[in-house]
Amino acid sequence: MSSRLAKQGRLIDRSKPVTFSFNGNSMQGYEGDTLASALLANDQMMVGRSFKYHRPRGVVASGAEEPNALVGLGQGNRFEPNQRATTTELFNGLTAISQNHWPSLEFDIGSVNTALARFLPAGFYYKMFIHPKPFWKHIYEPFIRQSAGLGKAPDKDSRDADTYEHFYSFADVLVIGGGIAGLQSAKAAALSGAKVMLIEQTAHWGGRTLVDGGTVGGKPVDKFVEQLVSELETMDNVTMRTRCMGAGVYDHGYVLGYERLSDHRPGTQGPRHRLWRIRAKQVVTATGAIERPLSFAGNDVPGVMLASAMRDYVVNWGVTPGQRVVIATNNDDAYRTAIALKQVGVNVIRVVDTRATAGPMAEEVRQLGVRVDPGKAIAKVKGGKRVKNVQLCNQDGIGGAREEIECDAVAMSGGWSPVVHLWSHCGGKLIWDDANAYFRPDPKRPPLGANGDGFVVAAGSSNGHLSLGEVIADAHAAGKAAAKAAGFKPKNTRAPSGEAAEEAPMEAIWLMPANAEVQLRMKSWLDFQNDVKVSDVQLAAREGYESVEHTKRYTTLGMATDQGKLSNINGLAILADSLDSDIPKVGTTTFRPPYTPISLGAIGGEARGEVFQPIRRTPMHDWHDANGADWEPVGQWRRPYAYVRPGESVHDAVNREVKNTRDNLGILDASTLGKLIVKGPDAGKFLDMLYTNMMSTLKVGKCRYGLMCSENGFLIDDGVVARIDEDTWLCHTTTGGAERIHAHMEEWLQTEWWDWKVYVANVTEQYAQVAVVGPNARKVLEKLGGMDVSKDALPFMEWRDGKIGDFDCRAYRISFSGELSYEIAVPASQGQAFWDALFAAGQKFGVMPYGTECLHILRAEKGFIMIGDETDGTVIPQDLGLHWALSKKKEDYLGKRAHSRSHMTDPDRWKLVGLETVDGSVIPDGAYAVGEGVNANGQRNMIGRVTSTYFSANLGKGIAMGLVKNGPDRMGEIIEFPGTDDKIYKVKIVDPVFFDKDGEKQNV
Amino acid sequence: MSEPISALNHASYDGIAKVEESGLQGMITVRGNLSDKVLAKAVKDATGQKVPGQREAFVEGDTGVCWMSPDELLVLVPYAELNAKLAAMTDALSGVHALAVNVSDARAVFRVSGNSAREVLAKLAPVDLSPEAFQPGQIRRSRLAQVAAAFWMDDTDTFRVVCFRSAAEYVFELLKVAAQPGSEVGVY
């Protein structure tokens, strides 16, 4: 059984007990525990079940690499699934539940899958679920949904209780990893004067050196680290953060740091996570190394653990994973675990070492009274929910002639793999090191920055150095190299000398025993979380999967939430062996960020709730909101769709507004329309190029409607242009077009016509603009008093500056409704006051505000097109019958040449017509008209589509516009629009102008 | 004339920094050849300042001039003096190819002040806001989260932030989130 030791535990504070719960059971731990160490202290060996076979799973590691100990953490608005117990710091009141089991952790129905393992081999998804077809929906999918998956999704009604933020930071040298290598690198770099940032994913500096021991410069390593940390803390040019993981390294020295501010004290003030968005000139990856498991049968039984993790639990948290421990190794490092366990009085029954002769450390362990068996291996671990005994055999062989010994924990060490993830994220290459059997960074092929030089330097054990002396020397050199590459002159200092016990060479062991029979291989786990075994990878190889990337996806090796931190190297070694190839030839899968999963909250940062997205507001926004506005998003703007009165439906409100504007007086907040000032001696020439019609000839004081096309001839915007003075024009754009058309103008001025004397300024938001529309429009303006707005003083399509009431304004006599209509622009800071004045003065004239839907209906009644309805990026002015707006006098304008292309002049292009149902109903939006026959796919041939469709309260029937093949030549014909409501709409082709064809209403 | 009202009418918030909408500010966008002597004189007459170089801002109170781009300046004048100053500038620039236009009402202006002001801005703008890199006298046209913004420093712990008027509420809410209690980063 696992238990708390009487002594030891350098990270825990035994004077501060902590209460937490696991699956509803109350348990005790200490401040400084991780959830994993606390669970082990409470003899909770089994912590979850595996993904596919629902096998019992226990803690196997002590850090970020943990594949098994995933829990659902927290409750309600703070519940989060798939949290690693090994990186979860314990706090009072923590609640955790185990995952992937039903109905309970102890008794799980899904574990029957393990009995079916023969029928769930590698690639079983691909093999099983293809035939017969109906089985997928009715049998396979329900089965998979029930049995697959890890943690539960949070309750759909819960909302994350915490806030998150980003922080932009800049450094000359960023050091990732706060172990002894990172600390030494940071110091070496900082001594040059470079601005250094040092981040460490755990809560503590020093890394695993503090567990493994040794001396530096004659001092015990813990004293050395203590001194190094305090030195760095006093340096002004060094920023240090714990609980901040280097998540990803990207182009141009961009690095994401994931800081967990309150995971260990939930509910405290401030953000929970902070995502550091760091730009570094140079990055030092001092990310350490991860121990590899050994592949023997039953290596997944709870109680089997990495040897390094086992001594971490002893030294850091005063917890022993077992009372009777067997250690299996192919290297000397695992002997440290034997020593650590013996020192606290745990019975180490046996060390089996695959090597024929054990090294000097074996001798030390023998001196402590532990039996060491060279050339031996574990054939099989027996036990269900915890280890009961192990069967030992010779490493050379198939696993026969076993010796069985009772034990309750097994420590395994298959050697170490440098953590090369961050080196690799942005393209750093690896080389295979035969002596140590690992991939390490190839210093000749680092990730390259913008100038073609490397911007990442690996340091310490992540660079393949496993002994303390080498780690310190390498880290010191890496820090200096990074500072130099960042443009600083490193101090001429030497690394302190580190010393640790001498180690004999390791032996590459990928399967235990070497020629294990199939029954053993079927129980030898590679990927603990996703249930991939040695036999699965071998099967994949036999079935022709040669690429490691394909094998990964076929077997799911390394595809779990731990991304194969423990399994990848072992897996590809088995694959290489099966293919009779070399490991470096098989190569690794791609290392992708993030290093471990980071929260979606951190990625989103501040963008949630009120500030999820910007909402642009006009000066009258609050008034609209208080007066029943049913909001419509138009780009980032919100515009009132209609003003709904109590007791009305939105449709009722639209109909009321439509009638009132035609009969009395409507006012519309048109502030969102784009307003671009175009000024200069060449402004006229410029606008003639941008608009299809002539703008240079416009007289000062007058307005003209214009169309804009892209150079490919397609309509991109329209609006009214006013000439302000000899050199200055004001161009109105659509609401969504203001920024886009401004950029379009700047692009042409900066890239093509850079020598034309034209300046553009976007003054959209300078003005609140109100459309005053309807038969009483002039009356209300006259009541307010001020400038002369009579028919003669301000004729249609002209503008004047002046005063209306108290307000300085520019009044445009323009109409998008066919009514007598003015648009009045006042300074935005007086917009609400002007609106109030209009509304008050308009009371006796029947004023009502109207929204965008009314605006649409009024313009559709008049057959006016709308960019984005009648156009969709494929429509040219000719399609819409706008030939009158295409200048024939101008030599050139954007789109002119495109309009002469054969497809643009094709007489079969669909063209704009009015559409009216025979029965007066409203054609569904987006409906297509069908013609005779079917196309190659057996679908009805299409001859047109609806672009705008409304109920017109003024006309008492549905009206629409659409694009129809040969439409203008087919006036009066009836065509058919099938709806999705199974009704076929019979529709007559008519003139698009439905109302006041002669324009008498606006001409008053 | 009715009383002009700024976008958020002096709303304010106290967190790890103080955030205040600072009311109406006269602003003139000037586009032209920044090395032109006529333009330089017009700027000097309006603000008392010389033409700023790249990323420079010369501002005293509500008067000054900021570099916006290689051919654009933002001239700051008291809101009440805007019309007179704009007319004078337009007059002075009449002989050269240049554009001077009133954008006062198109903007909202915030003051962000306090010990953590740098950190509050650095949560939202991808800009090096360390004291070594950013000081009074400099301006950045950048973004705050998802919208365009420009900012400069009035003194060592006070920023002036300019955004579009329509985004005023978004920017105010953003600054509030970034200045929430307990969110000090502790680096500046």
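Modeller: Let me begin with one term: a residue is called buried if 20 or more other C-beta atoms lie within 10 Å of its own C-beta atom. Please keep in mind that this is a predicted model.

Biologist: What makes you call helix H14 of chain A mostly covered?

Modeller: Helix H14 of chain A spans residues 534-542, and seven of its nine residues are buried. Each of those residues reaches the cut-off of 20 or more other C-beta atoms within 10 Å, and therefore the helix is described as mostly covered. The buried residues are Val534(A), Ser535(A), Asp536(A), Val537(A), Gln538(A), Ala540(A) and Ala541(A).

Biologist: Which elements do the buried residues of H14(A) pack against?

Modeller: They pack against helices H13 (518-521), H15 (548-555) and H16 (568-578) of chain A, and also against strands E32 (525-527) and E33 (532-533) of chain A. Just after H14(A), Gly544(A) takes a positive phi of about 105°.

Biologist: What makes the 367 residues of the largest nonpolar core one core?

Modeller: A nonpolar core is a set of buried residues of kinds such as Val, Leu and Ile, joined through C-beta atoms within 7 Å, so the 367 residues count as one core because they are linked in that way. Among those with the most contacts inside this core are Val410(A), Val770(A) and Val171(B). Helix H12 (residues 468-485) of chain A gives the most to the core, with nine residues, and at least three residues come from each of domain 1 and domain 2 of chain B.

Biologist: Which residues does Val410(A) touch, leaving out those up to four places away in sequence?

Modeller: Val410(A) touches Gly303(A), Val304(A), Val326(A), Ala328(A), Val381(A), Val387(A) and Val390(A).

Biologist: Why are strands E3 and E6 of chain B said to pair?

Modeller: Pairing requires at least two bridges between two strands, and E3 (residues 26-31) and E6 (residues 72-77) of chain B have six bridges, in the antiparallel sense, so they pair. As one example, Thr29(B) has Leu74(B) in E6(B) as its bridge partner.

Biologist: How do you know that E4 and E7 of chain B are edge strands?

Modeller: E4 and E7 (99-102) of chain B each pair on one side only. The open sheet has five strands in the order E4-E5-E6-E3-E7 (chain B), with antiparallel pairing, and the twist averages 20° from one strand to the next. Helix H1 (residues 37-47) of chain B packs on the sheet, touching E5 and E6 of chain B, and its direction makes about 20° with that of E6(B). Helix H2 (residues 82-92) of chain B lies across E3, E6 and E7 of chain B and runs at about 170° to E7(B).

Biologist: How many residues does each domain of chain B bring to the contact with the other?

Modeller: Domain 1 (23-102) and domain 2 (106-179) come from a domain assignment, and nine residues of domain 1 meet eight residues of domain 2 in chain B. On the domain 1 side, E5(B) gives the largest share, three residues.

Biologist: And what makes up the side of chain A that touches chain B?

Modeller: The contact takes 41 residues from chain A and 41 residues from chain B. On the side of chain A, E9(A) gives the most, with five residues, and by class that side divides into 17 nonpolar, 13 polar and 11 charged residues.

How values were computed:
Residues are numbered from 1 along each chain as its sequence is written. Chains are lettered from A and ligands numbered from 1 in the order in which they are written. This is a predicted model: local features need pLDDT of at least 70, side-chain atom pairs count only at pLDDT 80 or more; totals for chains, interfaces and linings use all residues. Two residues are in contact if their C-beta atoms, placed from the backbone, lie within 7 Å. Helices (H or I, at least four residues) and strands (E, at least two) are DSSP runs, numbered from the N terminus. Ala, Val, Leu, Ile, Met, Phe, Trp, Tyr, Cys and Pro count as nonpolar, Asp, Glu, Lys and Arg as charged, and the others, Gly among them, as polar. Domain bounds come from an automatic or database domain assignment. Axes are lines fitted to C-alpha atoms, for helices over the stretch in contact, and angles run from 0 to 180 degrees between N-to-C directions. A residue is buried if 20 or more other C-beta atoms lie within 10 Å of its own, exposed if 12 or fewer, and partly exposed in between; C-beta atoms are placed from the backbone.
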